[in-house]
Amino acid sequence: MDSAAIDRFEAGRGRLASLAYRLLGSAADAEDAVQDAFLRWQAADRERIEVPEAWLTKVVTNLCLDRLRSAQARHERAVGDWLPEPLLEGDPMLGPADTFEQRESVSLAVLTLLERLSPIERAAYVLREAFSYPHAEIAGILDITESASQQHVHRARRRVAAEHRGGEVDPASARRIVEEFLAAATSGRTERLVAMPTADATAVSDGYGLARRPLRYTTRERIASYVRAGFKPTPAKRRLASGSPAFHIALVNGSPAVLAVVDDRVVGAVAFDVGNGKVASLHGIAAADRLARLNEAWQQHEPDAPVINAW
């Protein structure tokens with residue numbers, strides 16, 4: 001392959017990776033899909049490709065759809081085993097992020113909701129909301145009619161809007177709410193923890209990376225109990241974390257998050273979806289494989305001072 005063809009692919013790699021991440025919810029799988037697309041670009045008769053960006057977008061989208069439709073993915077969705085992979089602020093896979101819709105489409109809360117859509121609905125929604133493709137182009141990418149594209153996007157928007165409780169919040173306010181939540185969790189003020197989530201808040205956790213399936217909590221009382229237990233220090237938890245973590249507040253997938261850090265290594269992340277001064281949802285992730293990319297970014301990151309130095 002000539003250098004011009006390689007350069008053309010590399011110029012669009014970031015956009016393709018962002019698309020694949022939104023479709024799959026996994027940075028590792030997104031990178032694999034983009035690499036597979038590169039191999040197809042390498043083998044293609046490029047003289048016959050009129051618009052390389054459109055061709056590559058279609059290839060990556062269909063590679064992701066194949067993955068979503070695979071037997072393993074269908075099984076994981078059916079039994080609720082799936083959780084998205086969190087990414088630290090500044091990760092190029094999070095782009096584009098110019099509009100609220102683009103930022104919302106990559107939040108852990110919305111990525112989790114997108115898993116409940118059919119693969120074709122998810123693809124149409126992502127292409128429209130995150131990348132502003134017109135329905136005519138979405139139809140060409142997905143090999144459907146323009147009317148079908150409109151219907152898929154409409155259904156996806158309706159389902160996301162019906163279940164997503166968060167909203168646009170300025171970073172300072174969101175951080176303040178998370179700081180108050182963390183203070184209540186670590187002080188044992190359970191009554192304050194019960195008051196801070198919305199009435200229909202949800203929490204999802206991978207059980208410190210040990211649970212076979214995500215653990216789900218759907219009442220304020222159960223959420224408060226889960227959070228209080230999670231942030232209560234014990235010798236067993238310190239052994240599991242290989243030390244006593246410090247707690248930092250950072251942005252993960254555009255949302256405020258509490259990161260537990262031991263020796264510059266993130267051992268757990270709790271991301272918050274905030275709206276109207278309340279916590280709408282929490283996602284707790286501690287599985288090492290899901291934190292691998294976030295950890296790489298964290299070790300190149302200049303963090304703020306921890307809000308809790310030792311646990």
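1. Tyr217 is buried, at a relative accessible area of 14%; buried means under 20% relative accessible area, exposed over 50%, and partly exposed in between (1.4 Å probe, protein chains only). Tyr226 also counts as buried, at 14% relative accessibility. This is a predicted model, where local features need pLDDT of at least 70, side-chain atom pairs count only at pLDDT 80 or more, and totals for chains, interfaces and linings use all residues. Residues are numbered from 1 along each chain as its sequence is written, and side-chain values use heavy atoms, with hydrogens and water left out.

2. A pair of aromatic rings is described by the distance of the centres and the angle of the planes. Rings of Phe, Tyr and Trp (its six-membered ring) pair if their centres lie within 6.5 Å; planes under 30 degrees apart count as stacked, over 60 as edge-to-face and the rest as tilted. The structure holds 6 aromatic pairs. In one of them, Phe181 and Phe272 have ring centres 5.3 Å apart and planes at 75 degrees, so the pair is edge-to-face. Phe181 belongs to helix α10 (residues 171–187) and Phe272 to strand β5 (residues 265–275), so the pair ties together parts that are 91 residues apart in sequence. Helices (H or I, at least four residues) and strands (E, at least two) are DSSP runs, numbered from the N terminus. Phe181 and Phe272 are both buried. The rings of Tyr217 and Tyr226 have centres 4.6 Å apart and planes at 10 degrees, so this pair is stacked. One aromatic cluster is formed by Phe231, Phe247 and Trp311.

3. Which residues touch the most other members of the largest nonpolar core? Among its 49 residues they are Phe9, Tyr21, Leu114, Val126 and Leu142. Elements giving two or more residues to this core include α1 (3–24), α2 (27–43) and α3 (52–68). The most comes from α1, with 9 residues. A nonpolar core is a set of buried Ala, Val, Leu, Ile, Met, Phe, Trp, Tyr and Cys residues joined through side-chain atoms within 4.5 Å.

4. There are 14 salt bridges, each being a side-chain nitrogen of Lys or Arg within 4 Å of a carboxyl oxygen of Asp or Glu. Arg46 and Asp2 form one of them (4.0 Å, N to O). Arg46 is in the loop between α2 and α3, and Asp2 is in the segment before α1, 44 residues apart. Both ends are partly exposed: Arg46 has a relative accessible area of 24%, and Asp2 has one of 43%. Arg46 also lies over the face of Trp41, at 5.8 Å from the ring centre; for this, NZ of Lys or CZ of Arg must be within 6 Å of the ring centre and within 35 degrees of the ring normal.

5. Arg293 and Glu31 form another salt bridge, with their closest N and O atoms 2.8 Å apart. Arg293 sits in helix α14 (residues 292–298) and Glu31 in helix α2, 262 residues apart. Salt bridges that share partners join Glu31, Asp91 and Arg293 into one network.

6. Arg116 and Glu163 also meet in a salt bridge (2.2 Å, N to O). Arg116 lies in the loop between α6 and α7 and Glu163 in helix α9, so the pair ties together parts that are 47 residues apart in sequence.
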